[in-house]
Amino acid sequence: MFHYKRNQSLIGAAFTTAELIFHAVVRNIRSQHSNAVLAIVINIVQIVLLVTVFYLLMSLLGRFTGVAKIRGEQVLFLLSGVFLFLTHIKSVTAIAGVGNGNNPMTLHSPMTMMVMLSAASFGILYTQLISIAVILFVYSVAVSPIEIQEPGGAFAMLVLAWFTGCSVGLVLLALSPWFPRTVEILKTVYRRLNMVFSGKMFVGNALGGFALTMFAWNPLFHIIDQCRGFVFRNYFPRNSSWEYALWVGIVLTMIGLLAEFYTRKQVSKSWDARR
């Protein structure tokens, strides 16, 4: 009765895996709220609140030097930073919180760790894309039309922010069974550092010397700065590189996959019992 029929063909296995990922993505989104629509609405509200806070902060303190370097919509400047920042951070949190090899979901034969990782990552990407599309549409209709110089490049930077976030989360996921408390601290520290060093309130061209070295280590800073080069017509980023962020994401993904594979072979329920 509980026998699972395995597909022998490669195409059948691909369709079975795709179906598993689809249902896992739906489960992941609905886990945020019993109503999937409300889960997306809550995410939209979070983005709007964060943009509102930064907008009020910039209005009270005056235009920052980084904003003055770009002639364009001030709200679009904030949105281009907040969208990528939240996508990156939520990807880190989602992947790092998937669970280890002792997860009860992996005890069922069709389910694997790769399916769970794919579901968590695609669930975040789907939620963020829907939220961004709704916010941009409402702002364009209700406030003023939004003009993006190169939408394709801006979208590529959004995907790159998602990819690098997943790669960082994968490394933290592999380390979690070994150092659970340390990983929780690292996740908090990484989120707090990106609140300042992600560059969502500045542009790379406005930084120089010692200030630039404080931001250059962060791949998210390079992604946001390059994204603004695609969004605004008169901004040409000179102090950032999207290739750096891409290579960091690839290297961290390889390290995370190797570490997660090794950890899954070693992890045991007795580890949690000792703690």
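This is a predicted model: local features need pLDDT of at least 70, side-chain atom pairs count only at pLDDT 80 or more; totals for chains, interfaces and linings use all residues.
Q: With which residue does Glu147 form a salt bridge, and how far apart are the closest N and O atoms?
A: A salt bridge requires a side-chain nitrogen of Lys or Arg within 4 Å of a carboxyl oxygen of Asp or Glu. Glu147 has such a partner in Arg233, and the closest N and O atoms of the two are separated by 2.8 Å.

Q: How many residues apart in sequence are the parts that the pair of Glu147 and Arg233 ties together?
A: Glu147 lies in the loop between helix H5 (113-142) and H6, whereas Arg233 lies in the loop between helix H9 (219-231) and helix H10 (242-266). The pair therefore ties together parts of the chain whose separation in sequence is 86 residues.

Q: How many salt bridges does a search of the whole structure find?
A: One of them is the pair of Glu147 and Arg233. Another joins Glu184 to Lys187, with the closest N and O atoms 3.1 Å apart, and these residues both lie in helix H7 (residues 180-197), three residues apart, or about one turn of the helix. For the whole structure, the search gives a total of two.

Q: Is Lys187 buried or exposed?
A: Its salt-bridge partner, Glu184, is partly exposed, with a relative accessible area of 44%. Buried means under 20% relative accessible area. Lys187 has a relative accessibility of 11%, so Lys187 counts as buried.

Q: Which residues does Leu160 touch, not counting residues up to four places away in sequence?
A: Leu160 belongs to helix H6 (residues 151-175), and because its relative accessible area is 7%, Leu160 is buried. Leaving out residues up to four places away in sequence, the residues that Leu160 touches are Ile223, Trp242, Ala245 and Leu246.

Q: What is the accessible area of the nonpolar patch that includes Val138?
A: Val138 is part of helix H5, and because its relative accessibility is 45%, Val138 counts as partly exposed. On the surface, Val138 forms a nonpolar patch with Tyr126, Ile130, Val134, Phe137 and Val141, and together these residues have an accessible area of about 550 Å².

Q: How many disulfides are counted?
A: Cys166 counts as buried at 12% relative accessibility, and Cys227 is also buried, with a relative accessible area of 3%. A disulfide, however, requires a pair of cysteine sulfur atoms within 2.5 Å. By this rule, the count of disulfides is zero.

Note on methods. Residues are numbered from 1 along each chain as its sequence is written. Side-chain values use heavy atoms; hydrogens and water are left out. Helices (H or I, at least four residues) and strands (E, at least two) are DSSP runs, numbered from the N terminus. Buried means under 20% relative accessible area, exposed over 50%, partly exposed in between (1.4 Å probe, protein chains only). Contact means heavy atoms within 4.5 Å. Patches are made of residues with over 30% relative accessible area and no salt bridge: like charges are joined within 9 Å, nonpolar side chains (Val, Leu, Ile, Met, Phe, Trp, Tyr) within 5 Å. Accessible areas come from the Shrake-Rupley method with a 1.4 Å probe; for residues, only the protein chains shown count as cover.
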